[in-house]
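The sequence and structure are shown first.

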Amino acid sequence: MTEKLVEEIRRRLPITELRENEPLAAYTSLRIGGPAALMLFPKSAGEIAALCLIMAAVGERPLMLGNGSNVLAPDEGLDRAVIVTSRVISCSVDGEQIAAECGASLTKLAAAAAAEGLSGLEFAYGIPGTVGGALVMNAGAYGGEMKDVVIKTDYLRICDDNIDIFSVEGEEHGFSYRASRFGPEDVILKTRMRLKEGRPEEIRKKMKDLMSRRRASQPLELPSAGSAFKRPAGGYAAELIERAGLKGFSVGGAKVSEKHAGFIVNSGGARSGDVLRLMEHIRETVLARFGVELQPEIKILS
Ligand SMILES: Cc1cc2nc3c(=O)[nH]c(=O)nc-3n(C[C@H](O)[C@H](O)[C@H](O)COP(=O)(O)OP(=O)(O)OC[C@H]3O[C@@H](n4cnc5c(N)ncnc54)[C@H](O)[C@@H]3O)c2cc1C
């Protein structure tokens, strides 16, 4: 199947860079993951749509990957076509609105907004993801989240041998804490955000302060995928994990960060199975100690 897909892409969309058996570890912030059968590097939302159309015709479904900063990829790799969006980065400012393609970096977007004197994206400065990944997760930090700024999103779904393109606005995004309406079958193309006028120096100061707080509290010097678990009702996962005595606990190369117990870090040579076993151990321990069932925030790719 993949051979046929490669052949069709080379024939119908030769501008798309493709790589076979490309290691996922190089594209994930945990630095874990075996080869993806096919990795595709489009440069625009239109090129993503064209790729999906070709995939639809040969019965394939893409796995979307932004900066890979919220995922765990399996050591055995994936026998799938992965569309990496990190080159799909165009964005434009129109008054108080910013339109961005799915691969635009949140941090760069926040910096661009600040330069235009637009406030609202400060929270996103320092989140190492793309717009697409952030929409799926309703990414957020320090009291802000994507829900506060996103007004319209275009996405597509493969349907039989064709694609359907949709537009959703406002509440149709279905945003809630670290969740949205977007699932694995959705391919986010671009989004539009509404910000508000602010003073560039104040916006930059807030971003700088938030980045300092991040540096002080998070293990940014080691590979991780951010918080491993979602915040449970009425508490913080990191606090429960720490109180359970798991700070520094490790399975193989996967370790509960000494700096922030909510993060699992790759302390060297971690395998995907190490991370999964560590996550399971944390869940069981926290459940037994506090009766709280932690839900993973990291997406396990398959
Ligand atoms: C050090 C560190 C700090 C972090 N801090 C925060 C934080 O403060 N707040 C927070 O919310 N998160 C945080 N994260 C997690 C992560 O950066 C965010 O969730 C980010 O939004 C993920 O974006 P991404 O592009 O890396 O997504 P990926 O990890 O590439 O993908 C995440 C999911 O989205 C899907 N996806 C990606 N792009 C698309 C697309 N175009 N269409 C459809 N589906 C898509 C993927 O298939 C996957 O299921 C942190 C991570 C790290 C490593």
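## Conventions and model

Helix axes are lines fitted to C-alpha atoms over the stretch in contact, and angles between N-to-C directions run from 0 to 180 degrees. The structure is a predicted model.

## Packing of helix 1 and helix 2

Helix 1 (residues 2-12) packs against helix 2 (residues 45-57) at an angle of about 135°, and their axes lie 10 Å apart. Helix 1 is therefore oblique to helix 2. The crossing of helix 1 past helix 2 is right-handed.

On the side of helix 1, the contact is made by Leu5, Glu8, Ile9 and Arg12; on the side of helix 2, by Leu51, Ile54, Met55 and Ala57. Of the residues in this contact, six are nonpolar, none is polar and two are charged.

Four strands form an open sheet in the order 1-2-5-3, and their pairing is mixed. From one strand to the next, the twist averages 30°.

Strand 3 and strand 5 (residues 78-84) run parallel and are joined by three bridges. Within this pair, Leu63 stands opposite Val82 in strand 5. Helix 1 lies across strand 1, strand 2 (35-41) and strand 5, and runs at about 20° to strand 2.

## Packing of helix 3 and helix 5

A further helix pair consists of helix 3 (residues 106-115) and helix 5 (residues 200-217), which pack at an angle of about 155° with their axes 8 Å apart. Angles over 145 degrees count as roughly antiparallel. Helix 3 and helix 5 are therefore roughly antiparallel to each other.

Helix 3 contributes Ala110, Ala114 and Ala115 to the contact, where they meet Pro200, Ile203, Arg204 and Met207 of helix 5. The residues of this contact comprise six nonpolar, no polar and one charged.

## The antiparallel sheet and the hairpin

Another open sheet contains four strands in the order 15-18-17-16, with antiparallel pairing. Its edge strands, strand 15 and strand 16 (250-251), each pair on one side only. Strand 16 and strand 17 (residues 254-256) run antiparallel and are joined by two bridges. Val251 has Ala254 in strand 17 as its bridge partner.

Strand 11 (residues 150-159) pairs with strand 12 (residues 162-169) in the antiparallel sense over eight bridges. Cys159 has Asn162 in strand 12 as its bridge partner. Two residues lie between the strands of this hairpin, and Asp160 takes a positive phi near 50° there.

## Surroundings of the ligand

The ligand is surrounded by 34 residues, of which the closest are Gly66, Gly129, Gly132, Gly133 and Gly226. Two or more residues of the shell come from each of strand 3 (63-65), helix 4 (131-137), strand 9 (140-141), strand 13 (186-194) and strand 15 (224-227). Helix 4 makes the greatest contribution, with five residues.

By residue type, the shell around the ligand divides into 17 nonpolar, 15 polar and two charged residues.

Notes. Residues numbered from 1 in each chain as written. Predicted model: local features only at pLDDT ≥ 70, side-chain atom pairs only at ≥ 80, totals over all residues. Near = placed C-beta within 6 Å. Nonpolar A, V, L, I, M, F, W, Y, C, P; charged D, E, K, R; others polar. Parallel < 35°, antiparallel > 145°, perpendicular 65-115°, else oblique. Left-handed = near helix turned anticlockwise from the far one by under 90°. Contact = placed C-beta atoms within 7 Å. Pairing = 2+ DSSP bridges.
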